[in-house]
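Please look over the sequence and the structure shown here before reading on. The report that follows moves from the whole chain to some of its parts.

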Amino acid sequence: MTTGNSQSTPEAKTSVTYQWQSQYNYSLSNAEIQNLINKELKNLTPVVLKEINGTKQPIVIKKATVVKKPVVVKKAPVTKKPVVTEKAPVKKPVTPPVAQKPATPVTPPVVKEPVKENNESVQVPAAIQQVVDLTNQERAKAGLKALQIDTKLTQSAQAKSQDMKNRNYFSHTSPTYGSPFEQMKSFGVTYKSAAENIAKGQRSATEVVKAWMASSGHRANIMNPSYTHIGVGLSDSGFYWTQQFIGK
């Protein structure tokens with residue numbers, strides 16, 4: 001049995017050992033042996049390459065992970081609404097009933113005519129009559145004579161109260177009739193002296209007479225001993241009161 005060993009060559013970087021048995025004796029030169037080895041290596045090369053290629057794993061190129069910058073959404077500046085504190089409803093102060101300053105008494109020139117006393121019984125609404133009665137009660141306390149109701153003066157006083165309500169004013173001077181004394185004359189009232197009290201908002205005769213008596217000027221008109229007759233007016237709504245006094 002002949003054993004042959006191959007040597008490594010630059011073409012084959014691996015060592016291959018062949019061993020065979022033969023019934024024949026061969027005598028080969030080294031060159032012939034090298035040629036056989038080279039031939040076998042050439043036959044093996046495709047097989048080896050196929051194996052190598054089969055075992056190659058595909059190269060996976062990993063992409064670098066791209067980290068996106070977070071998108072910052074710019075918010076528009078928000079203006080906060082001012083906090084509105086709800087105030088509790090404020091009750092309007094109740095305006096106390098007003099008693100206007102009394103009109104300054106006017107003493108007209110004395111007319112040398114006999115003065116006719118108005119002794120007639122004048123029918124007036126209950127509230128008006130009550131004002132007259134309360135006024136006379138106050139005069140009686142001071143020993144003064146009671147005032148008598150004068151029809152024309154009552155008409156004048158009633159017209160004044162209604163005019164104040166209708167035209168929404170509160171004054172002794174009327175845009176319709178002028179001063180109290182001009183108004184009295186326009187209603188045919190004659191007098192030696194005269195005066196006027198007005199008030200607004202009092203809801204009863206007692207309340208309005210009390211308010212007038214609490215004011216020095218109004219009280220002076222009520223308590224004037226020179227006055228002999230009275231006229232009282234009250235508007236149909238709004239409580240506008242008028243007292244007109246004359247001395248005959």
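## The model and how to read it

This is a predicted model, in which local features need pLDDT of at least 70 and side-chain atom pairs count only at pLDDT 80 or more, while totals for chains, interfaces and linings use all residues. Residues are numbered from 1 along each chain as its sequence is written, and side-chain values use heavy atoms, with hydrogens and water left out.

## The chain as a whole

The chain contains six helices and eight strands, where helices (H or I, at least four residues) and strands (E, at least two) are DSSP runs numbered from the N terminus. Followed along the sequence, these elements give the pattern β-β-α-β-β-α-β-α-α-β-α-α-β-β.

Of the 248 residues in the chain, 31% are buried; here buried means under 20% relative accessible area, exposed means over 50%, and partly exposed lies in between, with a 1.4 Å probe and protein chains only. The accessible surface comes to about 18,200 Å², and 56% of it belongs to carbon and sulfur atoms; these areas come from the Shrake-Rupley method with a 1.4 Å probe, and for residues only the protein chains shown count as cover. Among the contacts (heavy atoms within 4.5 Å) with a separation of 6 or more, 71% are between residues 24 or more positions apart.

## Salt bridges

Side chains of opposite charge can pair when their charged atoms come close. The structure holds four salt bridges, each defined as a side-chain nitrogen of Lys or Arg within 4 Å of a carboxyl oxygen of Asp or Glu. One of them joins the side chains of Asp 150 and Lys 248, at 2.9 Å from N to O. This pair links distant parts of the chain, 98 residues apart, since Asp 150 is in the loop between strand S5 (148-149) and helix H3 (151-167) and Lys 248 is in the segment after strand S8 (240-247). Asp 150 counts as buried, because its relative accessibility is 5%.

Lys 165 is partly exposed, because its relative accessible area is 29%, whereas Asp 236 counts as exposed at 58%.

## Strand S6 and its partner

Seven of the eight residues of S6 are buried, so the strand is largely enclosed by the rest of the structure. S6 and S8 run antiparallel and are joined by eight bridges, and two strands are said to pair if DSSP finds at least two bridges between them. The bridge partner of Glu 196 in S8 is Gln 244.

## Helix H2

Helix H2 (residues 126-141) has 16 residues and reaches 23 Å from its first C-alpha to its last, close to the 22 Å expected at 1.5 Å a residue; the expected span is 1.5 Å times one less than the number of residues. Its buried residues include Ile 128, Val 131, Val 132 and Leu 134, and among the elements that cover the buried residues of H2 are S5, helix H5 (205-213), helix H6 (216-222), S7 and S8. H2 is followed by Gly 143, whose phi is positive, near 75°.

Ser 174 lies in the loop between H3 and helix H4 (180-186), and it counts as buried because its relative accessibility is 4%. Its side chain makes a polar contact of 2.7 Å with the side chain of Asp 163, and another of 3.0 Å joins the side chains of Ser 174 and Tyr 169. A polar contact is a pair of N or O atoms within 3.5 Å; within protein, one must be able to donate a hydrogen and the other to accept it, and residues adjacent in sequence count only if both atoms are side-chain atoms.

Arg 219 lies in helix H6 and counts as partly exposed at 39% relative accessibility. Leaving aside neighbours within four places in sequence, Arg 219 is in contact with Trp 212 and Met 213.
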